[in-house]
Amino acid sequence: MGGYAAFVWPAYAVTLTVAVLNVVWARRSLAQAVEAARRRLAAGGGDS
Amino acid sequence: MPELPNPELAAAPTAGMNGARAAGEGATVLEAARLVLQRDLTLAFRRRGQLVQPLAFFAIVTTLFPLAISPELARLREVAAGVLWVAALLASLLALEFLFRDDAHDGTLEQYALSGQPLTGLMFAKTAAHWLLTGLPLALMAPLAALSLGAPSASIPGIVASVAIGTIALSLIGSIGAALTLGIRRSGVLLALLTLPLSLPVLIFGARASELAIHGAPYVAPLELLAALAVLGVTLAPLAAAAAVRVSLE
Amino acid sequence: MSWTWFHRLGSPPYIYRLAQRLTPWFAWPAGALIIAALYGGLVLAPPDYLQGDGFRIIYMHAPSAWMSLMVYTTMAVAAAVGLIWRIKVAHAVAASCAPVGASFTLAALVTGSLWGEPMWGTWWEWDPRLTSELILFFLYLGYMGLRGAIEDTQRADRTSAVLAVVGVVNVPIIHYSVSWWNSLHQAPSVMRLGKPALSTTMLAPLLMMLLGFTLFFVAVLLVRLRGEILNRERSASWIREALGT
């Protein structure tokens, strides 16, 4: 990297990590919402 | 009349009454605004101690910097404009908590919203009262702080003008944050977190105007930009504050 | 324009199912574009005349900065729609945007800093772009803090919507005032964070990366949106169907 490796690679690492974390985080929040919804239904959540 | 949990306010003979008077007895919005302004000023003067607090804070913060930096006026003069402005900004922020707190507490705010008067106009009146009670005094105190930080006396008019206009904008911007954080417990830090980024342009232009005044240079340009921000604030901030208040009352 | 189309857009079950179906159509192309852009940017593009291989950080910094602004704008528009027309789905969109935008703003700041150190010699520089980016980060934090502090979802939605709209009006003002402030104090002959002169082989991966990240944002948004919709819906019938319970 022409001597800039110590800067370029961390930059890529940080950004791509943020991207991956966003995916993980989004899927987890969806799973949590689904879980909560299932629990509400099981507890007899009526039609509102 | 709504139940008043605060005994001190309950004892105040005009508590709620001006709101009721403004509410629907054929008053125009200007009359209603004037009544709201009067009420806020009257109630504030009953608690003079509370009025002094932001000013005392301003004085203390201004004192911190020489102690942290250096007693040499020549050095302080370099940072005087910035220090002054940060102190004014923080003091203004502190005073924001009083803007809606009591009225939300005793139901007056609800009366304002239900009164049929444009809530925007009433928000403007409250913000005007707030500036008269905090911004204007800060502007009048600014010369003392400026001189103590090594500013030349010729710079005083420019500094006072910048703080006076700037605090108008700050009160307006701050009213939005105060309205948004209504009813949130211990909202002081959140209020600061919301208001400070929005206040940065005021800080930039105000400090620049003060800086130019201190160095004897023409300072009209940033002052005009500051005034433009204040005008923009007058147009938009009461609207946003009213919207936020309505949401909090839903 | 048929109003049924508009009404369907406001219908939570419709949006939920649509989001579910559309996600792969954004996710896969996003992945492909980003990978292709990585190859183009790291391998195919030649080193810059002035900045050598250091300029390659632009392929991470520019998309991050782009994301931070685009997501904020999306958030503000969705918030405004939700506020004006009282559409719950719009508020759900706004809520979904915030964490994505905030994280990429942070990435933009870090990559900007990493780009700055070899180019300017300092880890931080109060240049207009980085400073504005920092303030944008605070705006995101304020938005998320406000949302988190209000327990009632509907009130949180509407309160933070007012904040988002106020914020978006401020973004150009803040950027202007910061640029003005920065121009007053011309830095000495330190090289500024200028864009390197881009030839086509350098530009193409950048555009691909920008598009890829945009599609990526939509995909992530669609996933989050489903969760946000579920959290706002009490009605059991369509949820039962949608979750296959």
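A residue counts as buried if 20 or more other C-beta atoms lie within 10 Å of its own, as exposed if 12 or fewer do, and as partly exposed in between, with the C-beta atoms placed from the backbone.

Before we go on, some housekeeping. This is a predicted model, in which local features need pLDDT of at least 70 and side-chain atom pairs count only at pLDDT 80 or more, while totals for chains, interfaces and linings use all residues. Residues are numbered from 1 along each chain as its sequence is written, and chains are lettered from A and ligands numbered from 1 in the order in which they are written.

Let's start with chain C. Chain C has 8 helices and 0 strands, where helices (H or I, at least four residues) and strands (E, at least two) are DSSP runs numbered from the N terminus. Read along the sequence, that gives the pattern α-α-α-α-α-α-α-α. Picture a box of roughly 65 × 40 × 35 Å along the principal axes: the C-alpha atoms of chain C fill it. Of the 245 residues in chain C, 46% are buried.

Now for contacts. Two residues are in contact if their C-beta atoms, placed from the backbone, lie within 7 Å. Take the contacts in chain C with a separation of 6 or more: 80% of them are between residues 24 or more positions apart.

How do the chains meet? There are 2 pairs of chains in contact, and chains A and C share the most contacts. Chain A and chain B do not touch, and their nearest C-alpha atoms are 20 Å apart.

Look at the contact between chains C and A, which takes 36 residues from chain C and 30 residues from chain A. On the chain C side, H3, H4, helix H7 (200–232) and helix H8 (236–243) each supply at least two residues. H4(C) gives the most, with 11 residues. To sort this side by class, count Ala, Val, Leu, Ile, Met, Phe, Trp, Tyr, Cys and Pro as nonpolar, Asp, Glu, Lys and Arg as charged, and the others, Gly among them, as polar. The side of chain C that touches chain A then divides into 18 nonpolar, 11 polar and 7 charged residues.

Now turn to chain B. Here, 21 residues of chain C are in contact with 18 residues of chain B. Helix H5 (128–149) and helix H6 (153–184) of chain C are the elements that give two or more residues to the chain C side. H6(C) provides the largest share, 12 residues. By class, this side of chain C has 14 nonpolar, 5 polar and 2 charged residues.

What about the inside? A nonpolar core is a set of buried Ala, Val, Leu, Ile, Met, Phe, Trp, Tyr and Cys residues joined through C-beta atoms within 7 Å. The largest one has 165 residues, and those with the most contacts inside it are Leu84(B) and Val162(C). Helix H4 (residues 88–120) of chain C gives the most to this core, with 17 residues. Leaving aside residues up to four places away in sequence, Leu84(B) touches Thr62(B), Ala142(B), Ala145(B), Ala146(B), Leu149(B) and Ser210(B).

Leu84(B) also takes part in a helix pair, where residues of H4(B), including Thr62(B) and Phe65(B), meet residues of H5(B), including Leu84(B) and Phe98(B). Helix H4 (residues 48–68) and helix H5 (residues 73–106) of chain B pack at an angle of about 150°, with their axes 9 Å apart. The axes are lines fitted to C-alpha atoms, for helices over the stretch in contact, and the angles run from 0 to 180 degrees between N-to-C directions. H4(B) and H5(B) are therefore roughly antiparallel to each other (under 35 degrees counts as roughly parallel, over 145 as roughly antiparallel, 65 to 115 as roughly perpendicular and the rest as oblique). The residues of this contact divide into 16 nonpolar, 2 polar and no charged.

Helix H5 of chain B also holds our opening residue, Ala74(B). The C-alpha atoms of Ala74(B) and Leu180(B), 106 residues apart along the chain, are separated by 42 Å.

Finally, visit two loops. Arg186(B) is found between helix H8 (156–180) and helix H9 (188–214) of chain B, and its phi is near 45°, a positive value in a residue other than glycine. Arg186(B) is exposed, with 9 other C-beta atoms within 10 Å. Arg86(C) lies in the loop between helix H3 (58–85) and H4 of chain C, with phi near 55°, again positive in a residue other than glycine. Arg86(C) has 13 other C-beta atoms within 10 Å, so it is partly exposed.
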